[in-house]
Amino acid sequence: GILLKFREFFGLLNAPRRDGFVSFHTSKYRLHYLETPSGLRLVLNTDLGVGSAREALQHIYSNLFVELVVKNPLCPPRAPVQSLLFRQRLDAFVRSLPYFGPR
Amino acid sequence: MADEALFLLLHSEMVAGLYRAAEQGEGENGRCTTKLESMGFRVGQGLIERFTKDTARFKDELDIMKFICKDFWTTVFKKQIDNLRTNHQGIYVLQDNKFRLLTQMSSGKQYLEHAPKYLAFTCGLIRGGLSNLGIKSIVTAEVSSMPACKFQVMIQKM
């Protein structure tokens with residue numbers, strides 16, 4: 001399965017590559033991480049079969065987060081996201097990824 | 001593209017700023033809506049002058065309403081009004097199924113109670129535009145399911 005979440009703290013990671021993308025894996029799962037210039041961190045956990053989720057994370061940031069959360073006057077900046085529309089679109093997008101599938 | 005985001009963000013902050021100021025003072029909600037509507041009115045007056053400087057005179061009221069629905073709406077919101085209805089007795093209903101200032105908010109019922117705040121400026125915009133074209137009117141808006149909304153224009157006979 002795939003879990004998607006935004007987190008504030010991430011001290012354990014080494015400095016990311018210049019483009020802000022990093023991915024590490026354990027024997028059980030792989031974690032993909034994208035950091036935007038504005039300091040927002042996106043985390044995607046997948047199982048080991050997935051190579052790079054950079055485009056997916058980039059799409060989520062540019063097309064979903066910026067459009068539906070940043071531009072939503074009723075979503076205060078840096079607060080937990082309450083917008084149902086954002087959740088629906090995010091859910092639909094993740095489900096459409098080629099590597100999404102039931103266990 | 002950038003200017004669309006600029007207007008959207010500026011408009012959001014206008015609404016938020018006015019309501020914040022109202023909370024600190026003693027103004028209630030009704031006054032904020034009126035202020036937003038008046039701002040829209042003044043902007044609408046100016047905009048319509050600019051947009052119609054090269055167009056021919058309008059034949060009648062219906063022609064003016066069609067202009068608002070097509071050219072005016074397209075220039076401000078990058079799309080046309082989806083549906084225009086009238087009872088031919090001075091009442092027009094303009095329906096926009098994907099109103100640009102609401103699409104980012106929700107699709108459905110979430111945040112519905114906040115929607116009117118984001119429509120006040122646009123009501124004024126329509127009223128101001130019509131006013132400078134010689135039509136006195138009252139414009140109200142209603143939303144039942146985002147991002148679709150209806151603007152109702154009631155022409156006042158002088």
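## An aromatic cluster in chain B

Let's start inside chain B, where F7(B), W73(B), F77(B), F99(B), F121(B) and F151(B) come together as one aromatic cluster. Keep in mind as you look around that this is a predicted model. Over all chains, a search of the whole structure turns up eleven aromatic pairs.

One pair is worth a visit. The ring centres of F7(B) and F121(B) are 6.3 Å apart and their planes stand at 50°, so the pair counts as tilted; the stacked label needs planes under 30 degrees apart, and edge-to-face needs over 60. F7(B) belongs to helix 1 of chain B, while F121(B) belongs to helix 4 (residues 115-132) of chain B, so this pair ties together parts that are 114 residues apart in sequence.

The two partners also differ in their surroundings. F7(B) has 27% relative accessibility and is therefore partly exposed, because that class lies between the 20% limit for buried and the 50% limit for exposed. F121(B), with a relative accessible area of 5%, is buried.

## Where chain B meets chain A

Now to the place where the chains touch. Here 13 residues of chain B are in contact with 13 residues of chain A. The area buried between chain B and chain A is about 1100 Å², and carbon and sulfur atoms give 61% of it. On the chain B side, Q104(B), Q110(B) and Y111(B) lose the most area to chain A, together 46% of what that side buries.

What kinds of polar link can you look for here? Between chain B and chain A there are four residue pairs in polar contact, with both residues at pLDDT 80 or more.

Helix 1 (residues 2-24) of chain B gives the most to the side that touches chain A, with four residues. By residue type, that side of chain B divides into six nonpolar, seven polar and no charged residues.

## A look at chain A

How is chain A put together, and in what order do its elements run? Its secondary structure comes to two helices and four strands. Starting from the N terminus, the order is β-β-β-β-α-α.

Chain A has 103 residues, and buried residues make up 39% of them. Finally, take the contacts in chain A between residues at least 6 apart in sequence: 40% of these join residues at least 24 apart.

Terms used
Residues are numbered from 1 along each chain as its sequence is written. Chains are lettered from A and ligands numbered from 1 in the order in which they are written. This is a predicted model: local features need pLDDT of at least 70, side-chain atom pairs count only at pLDDT 80 or more; totals for chains, interfaces and linings use all residues. Side-chain values use heavy atoms; hydrogens and water are left out. Contact means heavy atoms within 4.5 Å. Buried area is the accessible area (1.4 Å probe) that two parts lose on being put together, summed over both. A polar contact is a pair of N or O atoms within 3.5 Å; within protein, one must be able to donate a hydrogen and the other to accept it, and residues adjacent in sequence count only if both atoms are side-chain atoms. Ala, Val, Leu, Ile, Met, Phe, Trp, Tyr, Cys and Pro count as nonpolar, Asp, Glu, Lys and Arg as charged, and the others, Gly among them, as polar. Rings of Phe, Tyr and Trp (its six-membered ring) pair if their centres lie within 6.5 Å; planes under 30 degrees apart count as stacked, over 60 as edge-to-face and the rest as tilted. Buried means under 20% relative accessible area, exposed over 50%, partly exposed in between (1.4 Å probe, protein chains only).
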